[in-house]
Amino acid sequence: MDTAFISEYAPLYIEAAGVTLWLGSLGILLALAVGLFCSFIQYFRIPVLRYIASAYIELSRNTPLLVQLFFLYFGLPKLGISLSSEVCAVVGLSFLGGGYMAEAFRSGFQAVEKGQMEAGLSLGLSSGQIMRYIVFPQALSVSVPALCANVVFLLKETSVFSAVALADLMYVAKDLIGLYYKTEEALFMLVAAYLIILLPVSVLAAALERRLRYAGFGN
Amino acid sequence: MDFEEVLLEVRHLHKDYGNGPVLEDVSFQVHKGEVIVIIGPSGCGKSTLLRCINGLEEIVSGGIWLDGEAVGKDKAKWREVRQKVGMVFQNYDLFPHMTVIDNILLGPVKVQKREKKKAEEEAEKLLERVGLLDKKKAYPRQLSGGQKQRVAIVQALIMKPELMLFDEVTAALDPEMVREVLDVMLELAKGGSTMLIVTHEMQFARAVADRIIFLDEGRIAETGLPEAFFDQPKTERACRFLDTFLF
């Protein structure tokens, strides 16, 4: 392995990792917001909107991110809407992630017993207060493992961003292979970069799950 | 005992879930300070009746008056009513993610906007009364069923309700825990609380009630003083029901 090559081009990877992390985080935050919004709509059974939410969830979960990105990047300009690579990446990731996050939140809401709502009502709490103090905290603690798994999954999905001409980690690796034929070194750095980003996230997620699961609620 | 002021009045209450009536033409009054025990076979509508009074079920026709005011028409009104009417359920529905003290303080602090410190002092006094002050920081999961029910009673009491509803609060408990919960209720009754109790504990009903309402198939079949009802039931249906408790 050519170590000189690795040290020469490592900065390129660091820069690309920044792009991956920045756009990935933004997409994930938006996905959480979209998912939470959809799950609220479904929980409160808001007429009409709940069907739109279900349709969206099925659409986002049953189409590949690559196809979604192609639609945004190559399809939309035909309709007169041109988006930059960055915007496409963030919109695509939050579109995909929103569906997964909504399902994670939904499973949490479903796990909260119906009696909890009635106990809250009988104390005179409003439905907003019941959501905020009683239902949501319990639902969230159930959802956390699924939400964390989604975060890791979505960070990995960012590797298709290169398909819409975005200089992320995958893009840099492909570029170096194309230019210098240093396949081994380029791929080694790519794997290392993803591991450096994702391992801490996974460890953090596991710690968070343990805390919520075992430290809380008197277990 | 004489009771003068009417606190709750239920008039011609009718309720059904779409397949036949659950409650039919139920009318009665609860006076301030009175303890009424509702008994009757399973499925006779006892729990539904309590749930209607607390607005957890919509009524089909008839009306409910609390303190002379008609309730049940608009949703916002129910929140006020529920502060005046405390309810304890069969399945000790405490909030599992909160400690005992947080469970108790949720109502007074978030609904009644009372000062947290004062409410906490009061909560401690109530916890002491039910013998659970040492469980203040415990989570519901760490308590026995009987302890949970006593916390649930404190949770309702701290709102200073004018009327307390108890829906088969000992039905899901192990036998040895029934007593500790009934003792708390008996003490409340002696202290002058107005209570509407649904129970299958006949000895307890006899000891605590000022009046018994016997409900059968959604109708009030018989009402009377506890001694009269238990010793000389007037209706044949009540006789048969009471017989099932004798071995």
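A: About 160 Å³ of space lies in the largest cavity. The model is a predicted one, in which local features need a pLDDT of at least 70 and side-chain atom pairs count only at pLDDT 80 or more, while totals for chains, interfaces and linings use all residues, and side-chain values use heavy atoms, with hydrogens and water left out. Residues are numbered from 1 along each chain as its sequence is written, with chains lettered from A and ligands numbered from 1 in the order of writing.

A cavity is a set of points, on a 1 Å grid over the protein atoms alone, where a 1.4 Å probe fits but cannot get out; a pocket is an open set with protein on both sides within 12 Å along at least five of seven lines, and lining residues have an atom within 4 Å of a point. Grid points are joined across faces, edges and corners, and a volume is the space filled by probe spheres set on the points. By this rule there are 4 cavities of 30 Å³ or more.

The lining of the largest cavity comprises 19 residues; nearest its centre lie A:Ser122, A:Leu123, B:Met87, B:Ala152 and B:Gln155. By class, the lining holds 12 nonpolar, 5 polar and 2 charged residues. Here Ala, Val, Leu, Ile, Met, Phe, Trp, Tyr, Cys and Pro count as nonpolar, Asp, Glu, Lys and Arg as charged, and the others, Gly among them, as polar. At least two lining residues come from each of H5 of chain A and H2, strand E6 (85-88) and helix H5 (145-157) of chain B. Helices (H or I, at least four residues) and strands (E, at least two) are DSSP runs numbered from the N terminus.

Two strands pair if DSSP finds at least two bridges between them. Within this sheet, strand E3 (residues 35-39) and strand E8 (residues 195-198) of chain B are parallel and share 4 bridges, with B:Val37 opposite B:Ile197. Contact means heavy atoms within 4.5 Å; axes are lines fitted to C-alpha atoms, for helices over the stretch in contact, and angles run from 0 to 180 degrees between N-to-C directions. E9(B) and E10(B) form a hairpin with 2 residues between them, and B:Glu217 in the turn has a positive phi of about 50 degrees.

A second open sheet in chain B has 4 strands in the order E2-E1-E4-E5, with antiparallel pairing. Its edge strands are E2 (21-31) and E5 (69-71) of chain B, and the twist averages 25 degrees from one strand to the next. Strand E1 (residues 6-16) and E2 of chain B share 7 bridges, and B:Leu8 stands opposite B:Val30. Helix H2 (residues 75-84) of chain B packs on this sheet as well, touching E4 and E5 of chain B, with its direction at about 110 degrees to that of E5(B).

H2(B) also supplies the largest share, 5 residues, of the lining of the largest pocket. That pocket has a volume of about 1200 Å³. Of its 39 lining residues, the closest to the centre are A:Phe44, A:Met117, A:Leu121, A:Ser127 and B:Lys75. Helix H5 (114-122) of chain A is among the elements that supply at least two residues of this lining. The lining divides into 17 nonpolar, 8 polar and 14 charged residues.

Chain A, which takes part in the linings of the cavity and the pocket, has 8 helices and 0 strands. Its pLDDT, the predictor's confidence in each residue from 0 to 100, averages 91, and 97% of its residues score at least 70.
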